[in-house]
Amino acid sequence: MIKRLFDWLKQPLGLIAVGIVFLAVFSVAVYGLSLTQKAPDQPIQFPHNKHVGFGIQCLYCHPGASKGPNAGLPSQAKCWACHNQIARTQTSELLAPLKNAVESGTPIQWVPVAQVPDFVQFNHRAHIAAGKNCEDCHGDMTKVTVAENPQVFNMGFCLDCHVKTAGEDKVLLNKLADCGTCHY
Amino acid sequence: MATVTDLNISEVKLSEEYVGKWGMFINQDVCTGCQACVAACSMENNIAFVGPEDAGYGRTMNWIRIERFWDGEYPEIKMTSRQPMMCQQCGHAPCEPVCPAFATVHSQAQQLNLQVYNRCVGTRYCANNCPYQVRSFNWRDYKRPEPLPNQFNPDVTVRQRGVMEKCTFCIQRIHQAEDKARSEGREVADGEFTTACAQVCPADAITFGRVDNPESLVSQLTKQYEGLKHLPELGTLSNVSYFKGG
């Protein structure tokens with residue numbers, strides 16, 4: 001039975017079948033991988049480049065970064081503080097979700113882009129206090145519209161910087177390269 | 001066979017010389033065995049509820065338990081003091097060298113035994129080598145009934161199946177207190193924070209703090225009551241001291 005199957009696979013039609021199956025699996029895998037590299041869909045196509053271009057600081061909309069673990073995503077009230085003074089907000093199609101959110105009082109469901117797994121405990125405050133800038137990890141926001149990750153937030157990326165920051169300081173290295181600093 | 005000279009003796013410290021960082025003092029005389037610490041620990045650290053079936057297999061999950069002992073034969077028994085037992089955060093821990101995945105490592109910065117969940121492959125060697133029997137294993141993916149998932153502590157990882165876990169001395173609270181102190185430009189004060197079990201204990205039987213600071217409450221109580229370590233003959237250099245007057 002098995003021998004007959006192999007014999008059939010060895011003839012030209014069989015080889016073509018094997019090739020088609022291989023191509024199908026390969027293309028599905030590539031498509032799956034490409035999905036993981038795409039920024040998720042947001043309720044509003046928020047243009048970071050424009051807002052940063054106007055000179056708005058990152059911490060104005062994400063103030064949690066300097067105070068605690070989470071940088072935070074702004075509520076519609078924060079957007080509205082500026083946008084209700086801008087005439088185009090009322091007519092723009094792209095800003096309709098914001099107008100609806102303010103009028104109905106339902107929060108905008110932003111999708112977090114820069115995420116770490118559940119077993120990683122990240123604290124923004126410590127990084128800002130250590131003199132890190134937002135763009136060191138999140139990339140240059142003047143160049144992107146909807147937030148994208150300039151790199152994968154994996155352990156190599158974190159540890160690289162931790163070891164570099166510690167340098168020759170053995171006490172600091174013990175602390176920054178300790179498993180218990182991030183995993184608990 | 002390994003001889004004494006084969007071991008790296010210079011790294012082995014005697015219990016008199018060893019000073020940890022975080023430690024506990026437990027006064028068994030005032031412990032009432034109310035299990036409040038067990039409940040508080042479960043809530044603080046997202047410990048799974050295993051249910052009656054797995055509990056029947058002896059797969060209960062606790063990071064702290066109250067051991068009870070008694071004297072004499074039934075019906076002439078006399079209860080002796082209860083004994084809260086949790087990870088002793090040994091300075092020379094038997095669980096650490098046996099892990100093939102380096103998932104249970106010693107924190108040089110905090111002087112604690114860490115359990116790195118994302119490294120753990122679930123060999124359970126560490127639990128079998130622990131003389132205090134304080135490690136528990138996730139035999140299944142235990143689900144909490146609604147609405148209990150809403151009260152998960154976001155600062156602690158929710159463990160999944162096949163992962164070993166144990167008391168961390170509430171390392172999330174240690175980090176929180178250290179982070180707060182650093183943001184205010186000071187050192188962490190003694191008694192500024194404590195572990196969930198010590199916080200909830202109605203009899204103040206559990207005291208948590210820095211054992212390397214002779215001024216701290218835990219050091220003073222340990223000195224005053226001459227607190228004893230469990231199984232000191234194993235050389236585990238435990239960081240928890242017990243007192244039982246009787």
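Modeller: One term before we start: buried means under 20% relative accessible area, exposed means over 50%, and partly exposed is in between (1.4 Å probe, protein chains only). This is a predicted model, where local features need pLDDT of at least 70, side-chain atom pairs count only at pLDDT 80 or more, and totals for chains, interfaces and linings use all residues. Residues are numbered from 1 along each chain as its sequence is written, chains are lettered from A and ligands numbered from 1 in the order in which they are written, and side-chain values use heavy atoms, with hydrogens and water left out.

Biologist: OK. What share of chain B is buried?
Modeller: Of its 246 residues, 47% count as buried.

Biologist: And how many helices and strands are in chain B?
Modeller: Chain B has 6 helices and 11 strands. These are DSSP runs, numbered from the N terminus: helices are H or I with at least four residues, strands are E with at least two.

Biologist: Now chain A. How many helices and strands there?
Modeller: Chain A has 11 helices and 0 strands. Its radius of gyration is 24 Å, well over the 16 Å that the globule rule gives for 184 residues, so chain A is more spread out than a compact globule. Its C-alpha trace spans about 75 × 60 × 30 Å along the principal axes.

Biologist: What share of chain A is buried?
Modeller: Of the 184 residues of chain A, 22% count as buried.

Biologist: How much area do chain A and chain B bury between them?
Modeller: About 1500 Å², with 54% of it on carbon and sulfur atoms. Buried area is the accessible area (1.4 Å probe) that two parts lose on being put together, summed over both.

Biologist: Which residues in chain A lose the most area to chain B?
Modeller: Arg125(A), Cys179(A) and Tyr184(A). Together they make up 38% of what the chain A side buries.

Biologist: Backbone next. Where does a cis peptide bond with omega about 0 degrees turn up?
Modeller: One joins Tyr74(B) and Pro75(B). Pro75(B) sits in the loop between strand 3 (70-71) and strand 4 (78-79) of chain B. Another joins Glu146(B) and Pro147(B), again with omega about 0 degrees. Pro147(B) is in the loop between strand 8 (136-137) and strand 9 (164-165).

Biologist: Why mention those?
Modeller: Because most peptide bonds are trans, and most residues other than glycine have a negative phi.

Biologist: Then which residue has a positive phi near 55 degrees?
Modeller: Asp204(B) does. Its loop runs between helix 5 (196-200) and strand 10 (206-210) of chain B. Leu237(B) also has a positive phi near 55 degrees. Leu237(B) lies in the loop between helix 6 (217-225) and strand 11 (240-243).

Biologist: Is Leu237(B) buried or exposed?
Modeller: Leu237(B) is buried, at 10% relative accessible area. Asp204(B) is exposed, at 57%.

Note on methods:
Rg over C-alpha atoms; globule rule 2.2 N^0.38 Å.
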